[in-house]
Every structure is written in structure tokens, then in C-alpha cells.
Amino acid sequence: MDQKRLRVRYLFDRARRLNPTQLIELARQVKRVSKAPLPVIIGDMLWCSVRYEMGFRDYVVWDIRILKARERATWMTHPKAFRLNKTLNGPDSKVILGDKARFLTDFADLVRREWLDAAAVSDDELAAFLGRHARVIAKPAAGEGGAGIAIFDTANISDVAAWRAERIEKDQTLLEQVLTQHDDLNAVYPDSVNTVRMITYRDPQGELHVIASVLRIGNGAVIDNFASGGMFTMLDDDGVALYPGVDKQSNIYREHPVTGTTIAGTRVPFYPEVVSMIAEAAKRLPTVPYVGWDIAITPEGPALIEANHNSSVFQMKPSASGIRTGLLYRYRDAIGADIVDNRR
């Protein structure tokens, strides 16, 4: 399906699924940065969804209301990313990357952790796995957005068979050893593994382009996912956090509310090794050139968590960064303006 048809389909689906209650709630969030009446904000949101191919939450998270037209035109959006996922990545991308067990097998040398499928092993094999690790993470084998993830202290599991049955019932059959993260990231927030999301494109000549790099940080939960209560900040090309953290509700955190650690200026350890690891990993996905990678940082170096064929878009809201332009130019530079802007 070509990009113009994808755009028309997206707009049609958006109109069909329009939830007035959700739209009003998002418009109310915009009131944090704008004094405009709600009807004016809602009208502007609808206009931007068509004019800039922009999702409603994009409009809220990136403070689009306060920007001028030429500034609005600089933002990458989730609908654009949806088109890129569909047009750049092969039809096998979801099969290759959506099955977490397959991913862990294909990238076994880069994940730095032991794992197993609780539904495919015996109780004795599961008991031995739990005995080797103080904490394990349980997740759906094909989940997204951090949904269904839980962490368990193995010392509290007294009945392995009953625990396994519960994991199967709750679709949490993929079990992984909980990684120990680097002390520098523990200092930011110790109760989740705070990961790097790196969005990359491998061009037809084999060159890897790092389009955006993000540090995701947990906030009161055991996972750092933005959709599940975590926050994020953008990283520069050396792996240093540029701005305060921002969460899905548009809250801005100059210091982490749990640890008091200043977010901006945080340096991701082993960042050059992260880039090198992703450059190697990307070579193994010839039919999936556009990927969002998740990487943990252990005391020994980076560990690959997963790869997403349908990565979200990360940019920093102007009210947190003071910068009123987005990262669309980086997508154009890496992928090509004609493709990103739907001109062919």
C-alpha cells in the first residue's frame, strides 16, 4: 500500500474512532500552556490532524498549541511513523520482532540474560531457573507498551507449579532474569531498569542512521515505559540527557520525584558501545530497516532488551526544553524527505 493511501486510511480510521470524551480531556491538558477556550483548542487539534498529519496526543505532548505554523511543520508525528513502519519494513517485520521468544533466540549473544518459556518447560526446569535468579520478570510473549509485565522475588515463590499455572492464565509466560543495571542509572531511579530507546534507520547502502535516542526512566513502578507511567528525556549524540523528564500526562520533572536526582546532564554509561551494538544488530534485520531498539545498561556493558518494528516517536516538549522545533529534519536526513513527507 502506497503512502498516500495509508494517509487516507489513517485519517478515515481516526474520524471513525473519534472519541469526543477523550478529545475534550486532551484539550483540557492543553490548558496548561494555553489560555484559549476549549472549542478553539479542539478546532485547532482537528485542523492539525489533517494539516500536519498529527495525532491528538502529539498535539498535547509537544505543546503544538503555542507554536507558529512554521514551527508546527517541523515535528515528526505518530501518523507519519505509522506510514514509515508500513512502507519501509517488510511484511515479516511483526513476525520477526513481535515474537519476543524468537527475538531473544535470534539475538542471544546480545541480550546478556537467561530466559525461558514457562509454558514449554517442566516444573523442575522452571524451579531450577527460579533457583538461579533472585528476581525474574514475567511478560506476555507478544505484548506491547509494557502491558502485563510483572517482577517477582523468587524467594517468595513456594509452589512452582501453582505459580506457573498463574503465569499461563495471565499470559505472562515469557520469563527473564532481571538485569542488574549500572550504578549511574540506579542513582536516577533504582526500582526499574531505565533503558535507552534508540530509533534507527539502516539505509540501502548499509549505513546506520541514529535518528533519535532517548533515556526512559521509571517513576513509581517496576518498568520505565512511557505508556505505563514512566518518563523520558532526549539524549545527545554522546548519550547525555539534554532536558528534564516528561511523562504521558505532560508533567515535567527537573529532578526525579523519588530520588531527587537531576535528570538533565545524566550520562548514559557505555554509550559508544550501545551505538556499536545496535549497528551490529541492525545488520541481522535486512527486511526491517526502521527500528526502535530498547537497551539496558549493566555494569559490564549494554544489553539488548527488544526491538520494535513500530516504534513510537520521541521529541521534547517546548515547555520543558525551551526549543520550539521538532526532529522531523532528522527523519528526512536519514530516510529521505520524499518518503517521510509522502511526496511519492
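When I call a residue buried, I mean that its relative accessible area is under 20%, while exposed means over 50% and partly exposed lies in between. Please also keep in mind that what you see is a predicted model.

Let me begin with helix α13, which runs over residues 271-282 and so has 12 residues, and which reaches 17 Å from its first C-alpha to its last, close to the 16 Å expected. Which residues of α13 are buried? They are Tyr271, Val274, Met277, Ile278, Ala281 and Ala282. Seen down the axis of α13, these buried residues fall within an arc of 130 degrees, so they line one face of the helix. As for what covers them, the list includes α9 (108-111) together with the strands β5 (196-202), β6 (208-217), β10 (290-298) and β11 (301-308).

I turn now to the empty spaces. Rolling a probe the size of a water molecule over the atoms shows where empty space is left. A search of the whole structure finds 1 cavity of 30 Å³ or more, and about 30 Å³ of space lies in the largest cavity. The residues lining the largest cavity are Lys100, Phe103, Leu104, Lys139, Leu174, Glu176, Ile305 and Glu306. Two or more of these residues come from each of α8 (100-106), β4 (174-177) and β11, with the largest share, 3 residues, coming from α8. Sorted by class, this lining has 4 nonpolar and 4 charged residues, and no polar ones.

The second largest pocket has a volume of about 290 Å³. Its lining is made up of 21 residues, of which Met234, Leu242, Tyr243, Leu327 and Tyr329 lie nearest the centre of the pocket. Both β6 and α15 (328-335) supply at least two residues of that lining, and β6 gives the most, with 4 residues. Here the classes divide into 13 nonpolar, 5 polar and 3 charged residues.

Is Glu255 buried, partly exposed or exposed? Because its relative accessible area is 44%, Glu255 counts as partly exposed. Leaving aside residues up to four places away in sequence, Glu255 touches Gly260, Thr261, Thr262 and Ile263. Glu255 and Ile199, by comparison, are 56 residues apart in sequence and 25 Å apart in space, C-alpha to C-alpha.

Definitions and conventions: Residues are numbered from 1 along each chain as its sequence is written. This is a predicted model: local features need pLDDT of at least 70, side-chain atom pairs count only at pLDDT 80 or more; totals for chains, interfaces and linings use all residues. Side-chain values use heavy atoms; hydrogens and water are left out. The expected span of a helix is 1.5 Å times one less than its number of residues. Buried means under 20% relative accessible area, exposed over 50%, partly exposed in between (1.4 Å probe, protein chains only). The arc is that of the directions from the helix axis to the C-beta atoms. Contact means heavy atoms within 4.5 Å. On a 1 Å grid over the protein atoms alone, a cavity is a set of points where a 1.4 Å probe fits but cannot get out, and a pocket is an open set with protein on both sides within 12 Å along at least five of seven lines; lining residues have an atom within 4 Å of a point. Grid points are joined across faces, edges and corners, and a volume is the space filled by probe spheres set on the points. Ala, Val, Leu, Ile, Met, Phe, Trp, Tyr, Cys and Pro count as nonpolar, Asp, Glu, Lys and Arg as charged, and the others, Gly among them, as polar.
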